Every structure is written in structure tokens, then in C-alpha cells.
Amino acid sequence: PSLFYQIEELQQALTVKQNEEHDRQRRISNTRKMIEDLQNELKTAENCENLQPQIDAITNDLRRVQDEKALCEGEVIDKRGEKESLEKERKSVGDNIVRFDNLMNQKEDKLRQRYRDTYDAVLWLRNNRDKFKQRVCEPIMLTINMKDNKNAKYIENHISSNDLRAFVFESQEDMEVFLKEIRDNKKLRVNAVIAPKSSYADKAPSRSLNELKQYGFFSYLRELFDAPDPVMSFLCCHYHIHEVPVGTERTRERIERVIQETRLKQMYTAEEKYVVKTSFYSNKVISSNTSLKVAQFLTVTVDLEQRRHLEEQLKEINRKLQAVEAGLIALCERNKHLEHKDNELRQKKKELLERKTKKRQLEQKISSKLGSLKLMEQDICNLEEEERKASTKIREINVQKAKLVTELTNFVKICTSLHIQKVDLILQNTTVISEKNKLESDYMAASSQLRLTEQHFIELDESRQRLLQKCKELMKRARQVCNLGAEQTVPQEYQTQVPTIPNGHNSSPPMAFQDLPNTLDEIDALLTEERSRASCFTGLNPTVVEEYTKREEEIEQLTEELKIKRVELEKYRESISQVKERWLNPLKELVEKINEKFSNFFSSMQCAGEVDLHTENEEDYDKYGIRIRVKFRSSTQLHELTPHHQSGGERSVSTMLYLMALQELNRCPFRVVDEINQGMDPINERRVFEMVVNTACKENTSQYFFITPKLLQNLPYSDKMTVLFVYNGPHMLEPNRWNLKAFQRRRRRITFTQPAQ
């Protein structure tokens, strides 16, 4: 075969030289035409006018534009710094507002834990405030804000728990609407009160606090907290918080004097509440005191005024940010305009410089083309000589081929003769092997028959020995019973009557002689009858009865063992069933989850697919397997995924979607997908790529390595993806010489400075 390749190589080399000569002639023709065009262009070119003033003017304009651009970029940097400062300030203010909201959430959590119905009603109110005509306040415990949380115990001991969790309304109509919805429809147990029509919130106390300071009082209850006007008005009207003073330990020490001189009806000391009443019948003053309970709801303090101040501050920061962003946009537009103007001036300067150097460039091009033409004309190839050399070599190779064909013919004849001899030997060998196998088979059959015969004779001899031994034992026992010696015969009386044993009692059962006939003829007839009966059992072996008894015992033993084995089998089956449920049910649930995700992926591609647990017999656990069935066309049915029914691209799509369905169920550090898009049509390749991107870029998912030699255009890419290009080939630079930035700079310089051909 190497001779054929040599001829082919010679023909190819000749063709290459012919093509090279034709290409040389074509290039010579093109070069001559190009030189002629350049010479015509040089003749018709205008005299080089004085373009330097225009170039200087454009250079000055370009310098001025660059100065303005630098100034604009400086202002942009300042604006961005101001924007970052405002954003940091906005974040700080927002964090403070969130901190206040978290304090308010603590109060709401306490309400939810203690009064769940009231908390649900608060949520409903916040979503339905448009149903009310006038102001509706949330429960009093949420709207009260203590100025000092140490004083919360006075308020919680003064106001009942029912009113602390009550909603405050300004309108009777609004309260009825609220209660109808909450109590009647939602079946929630809540309290509601109405604030007085005329406000009591700012009502002055009956006596000045300065008069009471001598007794240790430092404030009225109203001044200890802030609350909305309707809530404060309700508490002043019904709980008289503007009339109830709060004292200290000093007040408790002189409490009797305080009661007599101040005539206060209610008052608080550091740890006690005092209530003073006058008897209707005797006009005597009666006082009672109770210890204060620990505060539970009002201990969280939220400075609403400061929160409102923070909200106003946040609005002001947002307004400043909008102004800064507007200024930044204007500066960016101005910078963009200057950039555009800079590019225009550079282009004009480039055109003027090209016009200035055009004649010199034309002369250089003509000189270069003339040199190239001279080299091409000198590089002459004699095609006739090359064709003659190739023909000579081909003739020599053909002679060698003829000699080789002759030798091949002789070898074929020799090989044919040897092959015929080989076939004859194979046939003889087959006949000998057949005879050998027949002899071995006959030998094995005869050996088996011999072993069976020997075993049969051994069994007959053992049976005869056992029967002889038994007869001897019975004869010995009979002589002992009859008190006979070894040489004596059986007396006549023992043949016709029952023998008597020494103690005078008859033996039981009687001897067998009594059952026999009394005359010789009858005995002969009975013997003849028994012989006839025995003749019916042809070939009866003496060991048959013993074997029968043994078999009966074995059958009984095996029957008992069978019952035990059946019980054990039922236990094993029950145990297997329990283990199977613990194993099979979670497996089916897992496969169902995989099937759900797999089907969703296929549905998004307007196709159908499913995954199930498949086995032909539920008891063959080693035959269990995952079966994938898919349908890529609406006119077909679901078919199992096999190498024969689906195309390579369809199998790749199905495999990729199955892997993505497994992703959230089978966690692993990373996944490698190698050339999964090979063989796919563009539509499926695009869909699968989008699914891989969406799946791989989710939170808390495995890392994907997607290896491919090619990709479609305009595919979607995520910011979380990293694209790596592998450059390879015989003309690549060494890694230490590769500089991407230098390559980009050279490319831009060539693009902007290279004159048009």
C-alpha cells in the first residue's frame, strides 16, 4: 500500500506546484495593476498644500476640550464622593429608624403572646383604616410611650388590663363597624372604648404640683408618658390621671399627714397605691393601700419625637441625594459631549495628517510593490520539468507494483493449498473427538450401573444379616421362656396350650401356635395360600417393609420440620415486608420529587418527560432501577430513554435535565458537564444553557464547570458566571510572552492610525 501512497504523494506534490505557479502568475498580474493604479493616483494627486495652520488650530481646540473634560471629571468625582457620604448618612438614619421599629415590635410581641385576639385585630385594623371616618387608635398599651420605663408600674397598676388592651375610637359609628367585623364575623374577643367628645387631654389639675412637692410628690400620672390625644383624653376622663400624683419613699413615711392635709382621693408612693374614701354615713376618712405589681407591658420606651425627627432627616437626605444624582447626570452628559467633541477633533487632525503624508506614502507603496514584483518574477517554476520527473518516478513505482502483484499471486496459491490441508485435518480431528466422547459416555453409564448394583447387593446382605440376628434373638427368648436347653426341642404341650409362667398367671398374648390349623392338610393348604399371595409380590425385597417404616418416620419428621419452616417463613416475610416499607417508601418519595422537577423542566421546553421506579417483580430487589421516559414530539407517546429510540441530541438534553433535577436532592461541592451541548439542535441547546445558568446561579447550589468547544451567539449570562477561554494551537505565543493589554493597545493603534488602502 505504501507504493500507492507514493504515487498519490507525487501527484499531490505536482498539483501543489501547478497551483503555486498559477497563484504566482495571478499575484504578478494583481501587483502590476496595483502599481499602475498607485502611479495614476500619484500623478493626479494635488500639490501638498500648507495644512499646518489648520492642524495647529485643531490641536489648540483639542487641548482646550481636554482641559474642560478634566475639570468635568473632577466635578464628577466630587459629586460621587458627596453621593457616597449622603448614602452612608441615609443608611445610618435608616438603621436608627429600624432600631426604633424593633422596640415597637417588642411591645407587639408581648401583646401577641398575652392577647392573641387583640393582636389579630390590630393587624386587621392596619389593613382596613379606610373603612373608618374618624381616627381609631390601637390598644392603649401600644400607644403609650413611657418617658422613663421605671415609672411603667404606676400606669399599669392604675389602668385596668381590659382598658390597656382596648381600642380607642372617636366615633360611635366607627366602633360599631369595628366590633361587628371583629367580634361578630371573626369571633375575636377584643375591647373598645370611646374618647370624650371634648378633649380632657390638656385639662389642668385641681391643685398645682408645687403645693404637693413638700410631701414628696414629683409628678402627676399624666406627665409620666406620651400618648395620642384621644387616648390621653380617655384616660384623663375615666382614670383622672391628671389628678393622681406620684410620690416617693418620703411620701410613704408621712402618709397620714398627707391624707389629712391634701384630701387626695388617690396617690402613689414608691411601691404602694393609696385610695382614700369618706364614709357616707359617718364622714370618716377611710384609706387603703396595695403593693404595686411589677410592670409587664410598658417597660419598652420608644421616643416617638426622635423617630419623627429621624424620618424628617431621612426625607431631607433623600432630597439632597436626588439633587446630587441630577447634578451627576448633567455632568456625565457634559462629559459625554466633550468626549464626542474630542473624538471629532482627533478624527479631523488624523485626516489632515493623512493628507499631508499621502504623497510620501504613495511613493513608499509603489517602491514596495515594485520590489515584491521583482521577487515574484525571479521565483520561476519549470512545470514541464517537474511533470517529466513525476512521470518517471510513477513509471518506476508501477514496475515495482507489477513485481509485487506477481509475488502476491504465488503466495495466494500456496496459502490456498495449506488452507485445504488445514480443513482436512480439522475434519479428522472432529471425528476422533466424537468417538472419544461416545466412549467416555459409555464408560460413565457402565460405571454408574456398577455402583448401583454393588449398593443393591450390600443392602440385601445387610437385610439378611439383620433378619437372621432377629430370628436368633426370638428363638433364644422363646427357649428362655420355655426353660429349654440349647439341644432340646419344643415340647408338645407348648404347641397346643398357653404356657404358664412361674407365678401362676397366663402370659399375654397367647403363643402363635394356637392360631395355626391342627391338621397337616390344613397347614399345607394355608402354606399354599401364603405362597400364592407372596407370588403376587414379584421382586419384593426383604428391606421394603423396613424402608417403608423408615420413610414413614422421615415423612413425619419432615412434616414437623415443614410446619416449623413455614412459621419461620411467615416471620421472615413479615420482617422483609417491614424492612421493605422502611426502604421502599422513602425511595418512592425521592423518585417522585425527581420526577416532579424533571417533568417541570420538560414542560418548560414544550415536551414531556417522567422518571419512575421500575421493576418487573417487586421481590427481585437487585432488578430495581430508574426508568426515564421522554417525548419530544406531540404526535408520539412517551418512550423509554435508550440508545436506539432517541437521537444523540435528545439523549443529551434528557441527561442534562435529569442531572439538574437531582441537584437540589443530591448535594455535592461541584459538578462537571463536558460537551453536553454536542449534537443538540440550536433551540434545545439554547434552552438547556438557560436552564443550566438559572440552576447554577441560585443561592446555596453546587458549582458548575461547563466545558464546551463552541457556544451559540446571544446566550444569557449571569454576573455570577466566570467565562474562561483556552487559547491553543501551533502558532500561539509562550505563556510568559502573552500580554492581553499590550495586544489590545496595538490593535487600537493599528485601527486608528492605519491609512486606507
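The bend at a residue is taken as the angle between two axes, one fitted to the seven residues ending there and the other to the seven starting there. By this criterion helix H7 is kinked by about 25 degrees, with the kink centred on leucine 179; helices (H or I, at least four residues) and strands (E, at least two) are DSSP runs numbered from the N terminus. The structure is a predicted model, in which local features need pLDDT of at least 70 and side-chain atom pairs count only at pLDDT 80 or more, whereas totals for chains, interfaces and linings use all residues. Residues are numbered from 1 along each chain as its sequence is written, and side-chain values use heavy atoms, with hydrogens and water left out.

The protein chain contains 20 helices and 15 strands. Of its 757 residues, 26% are buried, where buried denotes a relative accessible area under 20%, exposed over 50%, and partly exposed in between (1.4 Å probe, protein chains only). Among the contacts (heavy atoms within 4.5 Å) with a separation of 6 or more in the protein chain, 68% are accounted for by residues 24 or more positions apart.

Helix H7 comprises the 14 residues 172-185, and at 1.5 Å a residue it should span 20 Å, in agreement with the 19 Å that separates its end C-alpha atoms; the expected span is 1.5 Å times one less than the number of residues. At the N-terminal end, H7 is capped by serine 171, a side-chain oxygen of which lies 3.3 Å from the backbone nitrogen of glutamate 173. Beyond the helix follows lysine 187, with a positive phi near 60 degrees. Asp174, Met175, Phe178, Leu179 and Ile182 are the buried residues of H7, and these pack against helix H3 (116-127), strand E3 (166-169) and strand E4 (191-194).

Strands E3 and E4 also belong to an open sheet of three strands, ordered E1-E3-E4 with mixed pairing, strands being considered paired if DSSP finds at least two bridges between them. The edge strands, each pairing on one side only, are E1 and E4. Pairing between E1 and E3 is antiparallel and extends over two bridges, and valine 136 has phenylalanine 169 of E3 as its bridge partner.

In soluble globular proteins, nonpolar side chains tend to be buried together. A nonpolar core is here a set of buried Ala, Val, Leu, Ile, Met, Phe, Trp, Tyr and Cys residues joined through side-chain atoms within 4.5 Å. The largest such core has 50 residues, of which Ile144, Phe178, Leu221, Phe225 and Leu235 touch the most other members. Two or more residues are contributed to this core by each of H3, strand E1 (136-137), helix H4 (140-143), helix H5 (152-158), E3, H7 and helix H9 (229-239), and the largest share, six residues, comes from H9. Apart from neighbours within four places in sequence, phenylalanine 225 contacts Ile144, Asn145, Met146, Lys147, Ile155, Met232, Leu235 and Ile241. A second, separate core of 25 residues includes Ile594, Ile628, Phe632 and Tyr658.

Positive phi values also occur in loops. Histidine 240, although not a glycine, has a positive phi of about 50 degrees; this residue lies in the loop between H9 and strand E7 (245-246) and is partly exposed, with a relative accessible area of 40%. Asparagine 714, likewise not a glycine, has a positive phi near 60 degrees. Asparagine 714 is found in the loop between strand E15 (703-707) and helix H20 (740-753), and counts as exposed at 71% relative accessibility.

Technical notes. A polar contact is a pair of N or O atoms within 3.5 Å; within protein, one must be able to donate a hydrogen and the other to accept it, and residues adjacent in sequence count only if both atoms are side-chain atoms.
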